[in-house]
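User: I am new to this structure and would like to learn how to read its main features. Please take them one at a time.

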Amino acid sequence: MKKLLGIVLTLFAFTTYAGDKSTDDFQNWMSVNTLVKFNDKYRAFLELNPRLLDNESRLGAAYIRPALGYDITPNLTLWAGYVLQATNTKDNNNYSLENQSYQQLTYRKTVDNSNWEFRNAVEERYLPSDVGYRSRSRL
């Protein structure tokens, strides 16, 4: 236990210094999710994610994420989705739009009344001059 506490305190010590002056900015990142199961194999997902910035005075970004899923097994789902991201810079009232697609594999398991989920996703960002790829995992 003492060794674990030492590791946690060491990590905390290295992560507290920001190097720059911090600014106070109350933000609100909301998420509205819905999941629809069509039958034993197919499902759909929709997430709406507005982000209010500058002490909740303006909409800084908004995400719309629909996806279709196929249940390979009762615990394993393969997803294909799209992301429309609108971002507003603080300097102007213009929004830049970014299109993304993603493929995701989700594994769900219930153990002793606890729900566990592992997700691995590959994302593509369609930029004006290139396509960016990113892999993300979540437990």
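User: Which strands each supply at least two residues of the lining of the largest pocket?

Analyst: First, how the model is to be taken: it is predicted, local features need pLDDT of at least 70, side-chain atom pairs count only at pLDDT 80 or more, and totals for chains, interfaces and linings use all residues. Residues are numbered from 1 along each chain as its sequence is written, and side-chain values use heavy atoms, with hydrogens and water left out.
Rolling a probe the size of a water molecule over the atoms shows where empty space is left. Here a 1 Å grid over the protein atoms alone is used: a pocket is an open set of points where a 1.4 Å probe fits, with protein on both sides within 12 Å along at least five of seven lines, and lining residues have an atom within 4 Å of a point. Strands are DSSP runs (E, at least two residues) and helices are DSSP runs too (H or I, at least four), numbered from the N terminus.
The strands in question are S3 (42-53), S4 (58-73), S5 (76-88), S6 (95-111), S7 (114-126) and S8 (131-138). S6 gives the most, with 6 residues.

User: What is the volume of the largest pocket, and which residues lie nearest its centre?

Analyst: A volume is the space filled by probe spheres set on the grid points, which are joined across faces, edges and corners. For the largest pocket that comes to about 630 Å³. Its lining has 25 residues, and Phe45, Glu47, Arg65, Gln104 and Arg119 lie nearest the centre.

User: How many bridges join S2 to S3?

Analyst: Two strands pair if DSSP finds at least two bridges between them. Strand S2 (residues 32-37) runs antiparallel to S3, with 6 bridges, and Val36 is placed opposite Ala44. A hairpin of 4 residues connects S2 and S3.
S3 and S4 are also antiparallel, over 12 bridges, with Leu53 partnered by Arg58. Their hairpin has 4 residues between the strands, and in it Asp54 takes a positive phi near 50 degrees.
S4 and S5, again antiparallel, share 10 bridges; the hairpin between them has 2 residues.

User: Which residue meets Arg43 in a salt bridge, and is Arg43 buried or exposed?

Analyst: A salt bridge is a side-chain nitrogen of Lys or Arg within 4 Å of a carboxyl oxygen of Asp or Glu. The structure holds 7 of them. Arg43 meets Asp71, at 3.1 Å from N to O. Asp71 is in S4 and Arg43 in S3, 28 residues apart in the chain.
Buried means under 20% relative accessible area, exposed over 50%, and partly exposed in between (1.4 Å probe, protein chains only). Both Arg43 and Asp71 are buried. Lys37 joins Arg43 and Asp71 in a network of salt bridges.

User: Where is confidence lowest in the chain?

Analyst: pLDDT is the predictor's confidence in each residue, from 0 to 100. Where pLDDT is low, the predicted coordinates should not be read in detail. Confidence is lowest in helix H1 (residues 2-15), at a mean of 65, and highest in S2, at 95. The chain averages 85, and 83% of the residues score at least 70.
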